[in-house]
Protein chains: 2
Amino acid sequence: MNRLKEDLRAILRSDQVSDSESILEQHSHDESYHTPVLPDVVVFPESTEDVVAVISYAAKQGVAVVPFGAGSSLEGHVIPVSGGISLDMMRMNQVLEVRPDDFLVRVQPGVLKDELNERLGRYGLFFPVDPGSNASLGGMAATNASGTTTVRYGAMRDNVRALEVVLPNGKVIQTSSLAPKSSSGYNITSLFVGSEGTLGVITELWLRVWGIPEQTVAARAVFSDVEHCVRAATAIVGAGIPVVRMELVDGPYIAAVNQYSGSDFPTLPTLFLEFHGNRRHVEADVEVAKEVIEDEGCTSFDFVTDEKARQDMWAARHHALYAFMHQYPGFGHMSTDVCVPVSKLPEAVLRAKELLSQTGVRGAIVGHVGDGNFHVSMAVDRGNPDDMARADAFNEQLVYTALSLGGTCTGEHGVGLGKRKYQQKEHGDALAVMQAIRAAVDPQHLMNPGKLVDPATTTTHT
Amino acid sequence: MNRLKEDLRAILRSDQVSDSESILEQHSHDESYHTPVLPDVVVFPESTEDVVAVISYAAKQGVAVVPFGAGSSLEGHVIPVSGGISLDMMRMNQVLEVRPDDFLVRVQPGVLKDELNERLGRYGLFFPVDPGSNASLGGMAATNASGTTTVRYGAMRDNVRALEVVLPNGKVIQTSSLAPKSSSGYNITSLFVGSEGTLGVITELWLRVWGIPEQTVAARAVFSDVEHCVRAATAIVGAGIPVVRMELVDGPYIAAVNQYSGSDFPTLPTLFLEFHGNRRHVEADVEVAKEVIEDEGCTSFDFVTDEKARQDMWAARHHALYAFMHQYPGFGHMSTDVCVPVSKLPEAVLRAKELLSQTGVRGAIVGHVGDGNFHVSMAVDRGNPDDMARADAFNEQLVYTALSLGGTCTGEHGVGLGKRKYQQKEHGDALAVMQAIRAAVDPQHLMNPGKLVDPATTTTHT
């Protein structure tokens with residue numbers, strides 16, 4: 001593979017191309033249980049032009065290209081399963097433009113979510129999409145990430161106004177205008193969001209941002225069982241309360257958090273809630289939410305108005321996964337990610353609890369219950385095929401449950417490697433449309449091969 | 001074309017196929033200025049199976065198919081410019097399923113917007129997307145329609161959860177699951193919404209519905225000039241007020257409305273506003289909005305809390321176009337539909353005013369100013385080529401202005417025939433992606449040919 005490195009060093013600068021062992025290793029995996037694969041070379045573009053040069057070269061040579069961001073994927077998106085070029089986007093990390101009057105910001109894909117929010121703070125603005133880890137915005141768009149605030153602000157797809165993309169043929173496009181709405185041409189912005197690097201490389205993002213609200217109040221509601229907890233969450237949505245965050249954390253998870261963070265939350269199913277807006281809105285929301293929750297059998301309900309305490313509470317929620325995994329040193333992490341219509345959520349969560357107790361899988365439940373999405377985080381022994389098979393079977397059972405309830409195999413983590421096997425079952429004949437689109441945009445199949453939508457094995461679409 | 005009719009009558013029932021003169025004429029035009037073209041035959045499917053049968057036949061015979069809904073398009077979408085089959089979807093007009101707990105409803109494409117809302121009322125629900133006419137929901141999805149409530153509830157794209165579509169090859173797909181969010185596969189729902197019948201025929205829609213709010217308050221704010229009026233509207237959005245409707249009606253339009261409806265609104269630029277939610281939210285919103293508007297130089301501000309008066313006010317707004325056209329008997333209607341980032345709206349509207357007075361075009365301005373979208377409604381003399389050319393030149397100037405401001409040629413009416421010539425300029429190399437997608441999904445180019453995205457004249461995408 002010296003040839004590849006030498007060619008690319010002739011195209012870019014030599015410090016933008018590496019095949020050192022540690023760099024290759026670093027780009028061989030993400031935060032998931034999936035088996036690492038080394039790329040042949042890692043390239044660090046610093047501009048759209050750099051990306052064009054690399055993609056054009058790769059297209060000519062027939063080399064695979066896998067965009068790489070913060071490496072926080074949970075489904076193996078960035079693993080270069082066919083080798084080739086790992087395209088590390090993290091040097092493209094500038095906030096290029098803030099337009100407060102339009103509630104828009106233009107960023108490069110390597111900007112981290114927390115960095116953006118730090119920068120936006122001085123304008124009284126924030127970017128709401130809030131996944132578990134401090135991911136890169138390019139990666140978040142590529143997987144249609146969402147997280148704790150989706151119930152109010154939507155997923156990445158709802159917060160990307162337009163993308164600059166380098167296509168597999170080296171052309172640079174802007175996927176749409178900056179108008180707040182449009183009926184012009186096909187909407188390809190929503191197609192590129194969530195395309196997992198299979199249709200091109202995102203080189204710039206126009207994102208919607210929001211005004212920091214006047215007041216924020218968090219709350220914690222404890223329930224005797226998961227079913228009541230989930231029903232309370234759906235009742236809050238049903239009451240039309242514009243809750244900002246509404247997170248279910250199950251008892252075993254709370255225990256792990258307590259142990260890890262030194263907190264002393266009751267080890268029962270708990271809703272972590274957040275409300276924000278102007279003072280009068282928030283007062284009204286909290287009051288109604290309290291009534292609804294008490295009607296659903298909440299055993300305790302506490303407000304958290306102090307800013308430090310509120311941040312601690314959400315830090316505990318965000319650290320829940322690390323706290324859980326901390327109990328199983330050396331184990332890998334596998335997560336389910338089903339999402340179902342909200343009315344079906346109690347049934348799906350109960351099924352997960354049932355499956356956990358039947359199978360003995362080491363798992364705990366946490367969920368963005370306002371949008372029908374929950375995770376069973378599992379600690380898996382990657383060296384033990386039986387253990388892996390058991391976790392995988394659990395995952396599959398839960399996916400089938402979700403599909404039978406009208407849901408999806410992945411609410412926010414994306415397909416990557418782990419959810420490919422469910423694509424046919426979930427999408428049916430719509431999969432052929434997706435395959436035809438992929439083939440039309442990337443006829444050589446060089447962009448992140450082996451992820452998301454497999455090429456059609458037979459011509460199903462004529 | 002007897003052959004076509006006979007074949008189709010053999011496939012469906014004879015009363016589902018017509019080539020009577022009056023039926024052909026009725027399916028030759030919409031509400032726009034575009035030149036009518038007769039279809040060869042009109043088919044009235046009554047089920048998805050009927051649509052599959054017709055599409056399969058058309059694919060085999062190489063006959064064009066143009067879906068037809070309420071016929072209220074403003075850009076010639078339903079005009080069968082290549083002849084063939086006009087597929088009238090209006091017999092598929094059932095509300096199939098209401099799922100209040102999931103805030104979802106399943107409808108056939110021929111259900112009219114007002115019919116759906118009548119049906120939903122008994123559940124305490126409503127469907128928010130509110131275009132000017134009582135369009136069919138299939139047509140609204142096909143054009144990504146929006147209207148007066150977009151500033152709060154978004155466009156069709158934001159309110160379609162999933163579609164059932166008969167593809168050009170006769171296969172039936174559901175574009176996505178019913179989960180509130182998903183990162184599974186490509187998002188093709190947003191691709192089919194706004195695809196104007198070019199990728200397949202919508203046979204069912206899963207739509208998001210919303211709880212009817214506790215309280216609704218409308219208001220009317222009058223300004224001395226358009227610039228102040230637009231600035232007030234952007235200030236309201238900037239203040240984070242979740243206004244439901246915020247419509248600019250310019251002085252000449254108000255005069256037409258007064259004459260038509262017998263109302264006596266001051267003939268000055270006016271914002272028609274609506275707020276809704278629970279009582280305390282609405283009180284807070286109205287109070288803040290009033291402050292903001294007064295800061296921006298409003299000359300009078302009136303609340304409309306009485307339900308009858310409120311409905312009259314919005315009826316006047318919805319009849320504005322008819323009122324305006326009423327002044328020019330025998331004239332056709334041409335409408336601009338540019339949409340720009342909100343900060344650029346004052347500039348775009350002032351440019352429109354300037355162009356109106358320069359060109360002498362008979363036009364008046366009305367706009368969904370909260371989302372950067374406004375229309376210049378023009379009365380055009382279809383028999384007079386000079387008059388048509390002048391209106392067209394006006395349209396073009398305004399489109400170029402919008403594109404230079406980062407906007408789009410069409411915010412909600414769609415491309416149809418009228419905005420095709422701006423697609424290359426607006427989308428640049430992204431147009432080749434759209435063309436490739438169209439060719440991949442409809443390789444025979446039989447679905448609504450001549451609309452939206454033209455096939456590539458040369459192979460630009462390899």
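This is a predicted model: local features need pLDDT of at least 70, side-chain atom pairs count only at pLDDT 80 or more; totals for chains, interfaces and linings use all residues.
Residues are numbered from 1 along each chain as written, and chains are lettered from A in the order written. Local features need pLDDT of at least 70, side-chain atom pairs count only at pLDDT 80 or more, totals for chains, interfaces and linings use all residues, and side-chain values use heavy atoms, without hydrogens or water.

**Interface.** Contact means heavy atoms within 4.5 Å. Buried area is the accessible area (1.4 Å probe) lost by two parts on being put together, summed over both. A salt bridge puts a side-chain nitrogen of Lys or Arg within 4 Å of a carboxyl oxygen of Asp or Glu.

| Feature between chain B and chain A | Value |
|---|---|
| Residues in contact | 82 of chain B with 81 of chain A |
| Buried area | about 6,200 Å² |
| Buried area from carbon and sulfur atoms | 58% |
| Salt bridges | eight |

B:Lys181, B:Ser183 and B:Tyr186 supply 16% of the area that chain B buries against chain A, more than any other three residues. A:Lys181 forms a salt bridge with B:Asp371. Their closest N and O atoms are 2.8 Å apart.

**Elements.** Helices (H or I, at least four residues) and strands (E, at least two) are DSSP runs, numbered from the N terminus. Elements giving two or more residues to the side of chain B that touches chain A include β9 (172-174), α9 (226-238) and α17 (430-441) of chain B. α17(B) gives the most, with eight residues.
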